Amino acid sequence: MDYESLQIYWWLLISVLGAALVFLMFVQGGQTMLIFTKNTDTRTMLVNTLGRKWEFAFTTLVVFGGAFFASFPLFYSTSFGGAYWLWILILLGYVLQAVSYEFRSKKGNLLGVNVYDTFLFINGTIGCILIGVAVAMFFFGAEFTVNRLNFVESSSPVISVWGEWHGLEAIVNWKNLLLGFTILFLARVSASLYFINSIDDDSIVAAQKKGLLWNAPLFLVLFITFAIVLFTSNGYESVSTDIAGVYEFKVVAYKYFLNLVEMWWCATMLLIGVLMILYSLYRTLFTAKYCKGIWWYGIGVVLVVMSLFFISGYNNTAYYPSLLDINSSLSIRNSSSSEFTLTVMSVVSLIIPFVLGYIIWAWRSMNKNKMTNTEMKETSHKY
């Protein structure tokens, strides 16, 4: 592949990983329900159902960051190195998650089960919202500037400079918060569908269907609102390069909507994804004993998220707009690794199908039989 094709290919991989991460955030969504579950046996079943999958979600987050580092290092250094308060808060939430699953049921733990369940609630709530805020900056921009000449300035080697709040300002941006809360309720809906699919307990299934009756409408309202805001927003488009090969950008009204129109296949993905989500909710809520909604919903979520990543990065779009200097914005062409690095990493990426195969096998093995209350009382390993 030529250099441009490699950049397109790696943005595709980033999109797939980002979509998989959003789907797997049903773990965080389920954690937000624990402290409101008073029955001890029920809470134990919910925690252990999520405990089988939390490492998948965490590993996907790490791989997502690693893929960005390998393919688009300028974004990695700009976002992770500049908006560090935002990312520190996200990582602290995941530290609380890991500690909670490890020590929640250990005999003699000093904090007690309720404290660890509160930690899981914090990770579930704050984690979803803050990751949504971080992703929203792909569309609504961030307060940074990039000076590539700093590569050769020994006195000032920092290429990206942020405002004084270093990412905290993004948390109070209502557009970013809109996506954050959208992902939160998306994750809660995912969790309910996952519980219905993986737990054999009539009371839990009934409670999760009852929860869907208000979580699902809230998610749909938030998603529609986000879509309206996004498709009526301006975006940045690269128009030319100077002698040094640095891209210049211009503001384009309704850029993301125009991307959707011009990339018909992306619009088709989005439409199919939305229809699959609606179908999963309808079948689960209005068909007795139906428990496979998580798969229709999950595939729909993956298609929708991938389409959003595509319209943020393809069609000469700046996927990380700068609110301080338009020409500091990042696109897949001005922020990627060298052609040699992308080529080598593309060879490495050929192992991805084998990794996915292993994940599918491990998932099926863990979910071969639905979890029951009897299993929880008899097993020696519990979270």
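Guide: A word on confidence comes first: pLDDT is the predictor's confidence in each residue, on a scale from 0 to 100. This is a predicted model, and in the protein chain that confidence is highest in helix α12 (residues 264–286), at a mean of 96, and lowest in helix α16 (residues 373–378), at 73. Over the protein chain the mean pLDDT is 89, with 95% of the residues reaching 70 or more.

Helix α1 (residues 3–24) packs with helix α4 (residues 54–71) at an angle of about 160°, the two axes lying 9 Å apart. Because an angle over 145 degrees counts as roughly antiparallel, α1 and α4 are described as roughly antiparallel to each other, and their crossing is left-handed. On the α1 side the contact is made by Trp-10, Trp-11, Ile-14, Leu-17, Gly-18, Ala-20, Leu-21 and Leu-24, which meet Phe-56, Ala-57, Thr-60, Leu-61, Val-63, Phe-64, Ala-67, Phe-68 and Ser-71 of α4. By residue class, this contact of α1 with α4 comprises 14 nonpolar and 3 polar residues, with no charged residue.

The second pair is α7 and α9. The axes of helix α7 (residues 113–140) and helix α9 (residues 174–198) come within 7 Å, and they cross at roughly 135°. That angle makes α7 oblique to α9, and the crossing of these helices is right-handed. From α7, the residues Gly-124, Thr-125, Cys-128, Ile-129, Gly-132, Val-133, Val-135, Ala-136, Met-137 and Phe-140 take part, and they meet Lys-175, Asn-176, Leu-177, Leu-179, Gly-180, Phe-181, Ile-183, Leu-184 and Ala-187 in α9. The contact of α7 with α9 divides into 13 nonpolar residues, 5 polar and 1 charged.

Thr-44 belongs to helix α3 (residues 40–51) and is buried, its relative accessible area being 17%; once neighbours within four places in sequence are left aside, Thr-44 is in contact with Met-376 and Lys-382.

Val-146 lies in strand β1 (residues 144–146) and counts as buried, at 12% relative accessibility. Not counting residues up to four places away in sequence, Val-146 touches Leu-74, Thr-78, Ile-159, Ser-160, Ser-328 and Leu-330. The C-alpha atoms of Val-146 and Leu-258, which are 112 residues apart along the chain, are separated by 27 Å.

Finally, the backbone deserves attention at two loop positions. Most residues other than glycine have a negative phi. Tyr-254, however, has a positive phi of about 55° although it is not a glycine; Tyr-254 sits in the loop between β4 (247–252) and α11 (255–262), and at 46% relative accessibility it counts as partly exposed. Asn-315, likewise not a glycine, has a positive phi of about 60°. The loop that holds Asn-315 runs between α13 (293–313) and α14 (339–348), and Asn-315 is partly exposed, with a relative accessible area of 26%.

Conventions: Residues numbered from 1 in each chain as written. Predicted model: local features only at pLDDT ≥ 70, side-chain atom pairs only at ≥ 80, totals over all residues. Heavy atoms only, no water. Axes fitted to C-alpha atoms, helices over the stretch in contact; angles between N-to-C directions. Helix = DSSP H or I, 4+ residues; strand = E, 2+ residues; numbered from the N terminus. Parallel < 35°, antiparallel > 145°, perpendicular 65-115°, else oblique. Left-handed = near helix turned anticlockwise from the far one by under 90°. Contact = heavy atoms within 4.5 Å. Nonpolar A, V, L, I, M, F, W, Y, C, P; charged D, E, K, R; others polar. Buried < 20%, exposed > 50% of the residue type's maximum accessible area, 1.4 Å probe, protein only.
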